[in-house]
Amino acid sequence: MRPLGLASAASLLLASALAGCPRGGPAPAGCDLGSGPCSAEAGAVGIRLELSPRPLRPLSEVEAAVALTSAGAPLEGAEVWLRLSMPGMYMGENRTSLEPLGGGRYRGKAVLLRCASGRRDWVAEVAVRPKGGPEARTRFPFEVSE
Amino acid sequence: MSGPGLLFAFGMGFLGGFGHCVGMCGPIVLAFGLSAPGQPPGRALQPQLAYHLGRVTTYALLGGAMGLAGSFVNVAGRMAGFQDAVAVAAGALMIALGLAAAVGATSVRGIEGALSGKVFGAVRRVVAGAPGRAYPLGLVLGFLPCGLSYSAFVGAAATGGLVPGLLFALAFAVGTVPALLAAGFAAALASARLRGFLYRAGGVLVVLVGSLFVLRGLHFHAPL
């Protein structure tokens, strides 16, 4: 394996090791992605996330639509990731990259998993890396329906 | 499938083994340990290794199927009912092993001998006998529903091919082995030394968790 490959793998492992730790900006109160889109401010970036189709069901594919703003204008050219996790329980790396659609909108597909214990509470974390700007993150808690 | 991708899958399994598998499936290997009282831990580990080999085989085949289908949701949706049945079967197995540990060492030996000695004996022969007997058990229990393995299968599906999907899931599965093997070794070590109350308490714990597995398989979810 090439040294660069090893470095990449080591970075991924480190990210995986940190995956169980809560991080990102504060979750917006009173918003449930299972009911509709949620919005939050993460630093200078406004993040709006919608998962569909609803109701959100385990073992199903969902479409994630993110709209970004900065200083009131659509934020273009950012790298955007969505990561789904369960609070307090490492469930592996369930992360997807969102593709830009233009106008500050980004879209991608993700898979909602199922916890064998019957837990239904998950967290959707959106990570945004604007061109030349600091990374911004925010987390949106939600519940899947059985 | 690239080297870093495989290393990532292995890392996810390795970290998840300690952060997820020991908590969720630790009682299964605890049951293995309790079912071999008096055996040297090294010898008690042989059927456990065979069990993990079976589990790894199933994970790899499922990963290959996911990669071939190119979709986690389609394959997982088709096997959800079977996985629930496996959860019930695993719970029943744990209940039998736990009861054998909890009841077998007490004065209720007569009842065990009359009613359930054959059942307990058969189950013990599978999990603590010749390693070859534990391999098929691992093959079946590899289908247990598990959120962590689902994440690996999503990755396997994303590879878009039979071989890369199989390799991705294989690397993940191998990564989960050290944590569960360590837990199984600790259980075997403890089982060889524990006597009386503590040994029976371990059996009761396995019975309780086995009951949870049965309830989960039947979709009666209890918090744990």
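Residues are numbered from 1 along each chain as its sequence is written, while chains are lettered from A, and ligands numbered from 1, in the order in which they are written. Because the model is predicted, local features need pLDDT of at least 70 and side-chain atom pairs count only at pLDDT 80 or more, whereas totals for chains, interfaces and linings use all residues.

**View 1. Chain B and its helices.**
The secondary structure of chain B comes to 8 helices and 0 strands, where helices (H or I, at least four residues) and strands (E, at least two) are DSSP runs numbered from the N terminus. Of its 224 residues, 53% count as buried; a residue is buried if 20 or more other C-beta atoms lie within 10 Å of its own, exposed if 12 or fewer, and partly exposed in between, with C-beta atoms placed from the backbone. Among the contacts in chain B with a separation of 6 or more, 88% are accounted for by residues 24 or more positions apart, two residues being in contact if their C-beta atoms, placed from the backbone, lie within 7 Å.

**View 2. The bend in helix 1 of chain B.**
Helix 1 of chain B has 32 residues, yet its end C-alpha atoms are only 39 Å apart, short of the 46 Å that a straight helix would reach at 1.5 Å a residue; this expected span is 1.5 Å times one less than the number of residues. The helix bends by about 65 degrees at Cys21(B), the bend being the angle between axes fitted to the seven residues ending there and the seven starting there. Because 26 of its 32 residues are buried, helix 1 of chain B is largely enclosed by the rest of the structure.

**View 3. The largest nonpolar core.**
The largest nonpolar core has 111 residues, and those with the most contacts inside it are Leu49(A), Ala124(A), Val128(A), Met94(B), Phe153(B), Ala169(B) and Phe172(B). Helix 1 (residues 3-34) of chain B gives the most to this core, with 17 residues. A nonpolar core is here a set of buried Ala, Val, Leu, Ile, Met, Phe, Trp, Tyr and Cys residues joined through C-beta atoms within 7 Å. Leaving aside neighbours within four places in sequence, Phe172(B) is in contact with Ala9(B), Phe10(B), Met12(B), Gly13(B), Tyr59(B) and Ala152(B).

**View 4. The surroundings of Ile95(B).**
Ile95(B) lies in helix 3 (residues 72-104) of chain B, and it counts as buried because it has 21 C-beta neighbours inside 10 Å. Not counting residues up to four places away in sequence, Ile95(B) touches Val207(B), Gly210(B) and Ser211(B). Although Ile95(B) and Gly210(B) are 115 residues apart in sequence, they are 5.2 Å apart in space, C-alpha to C-alpha.

**View 5. Chain A and the pairing of strands 8 and 9.**
Chain A has 1 helix and 9 strands, and 36% of its 146 residues count as buried. Strand 8 (residues 121-129) and strand 9 (residues 136-143) of chain A run antiparallel and are joined by 8 bridges; two strands pair if DSSP finds at least two bridges between them. The bridge partner of Ala127(A) in strand 9 of chain A is Arg137(A). This hairpin has 6 residues between the strands, and in it Gly132(A) takes a positive phi near 75 degrees.

**View 6. The loop between strands 2 and 3 of chain A.**
Pro53(A) is found in the loop between strand 2 (45-52) and strand 3 (60-70) of chain A, and a cis peptide bond with omega of about 5 degrees joins Ser52(A) to Pro53(A). With 16 C-beta neighbours inside 10 Å, Leu59(A) counts as partly exposed.

The mean pLDDT of chain A is 83, and 80% of its residues reach 70 or more, pLDDT being the predictor's confidence in each residue, from 0 to 100. Over residues 1-24 of chain A, however, pLDDT stays under 50, and the model has 29 contacts beyond four places in sequence for them. Where pLDDT is low, the predicted coordinates should not be read in detail.
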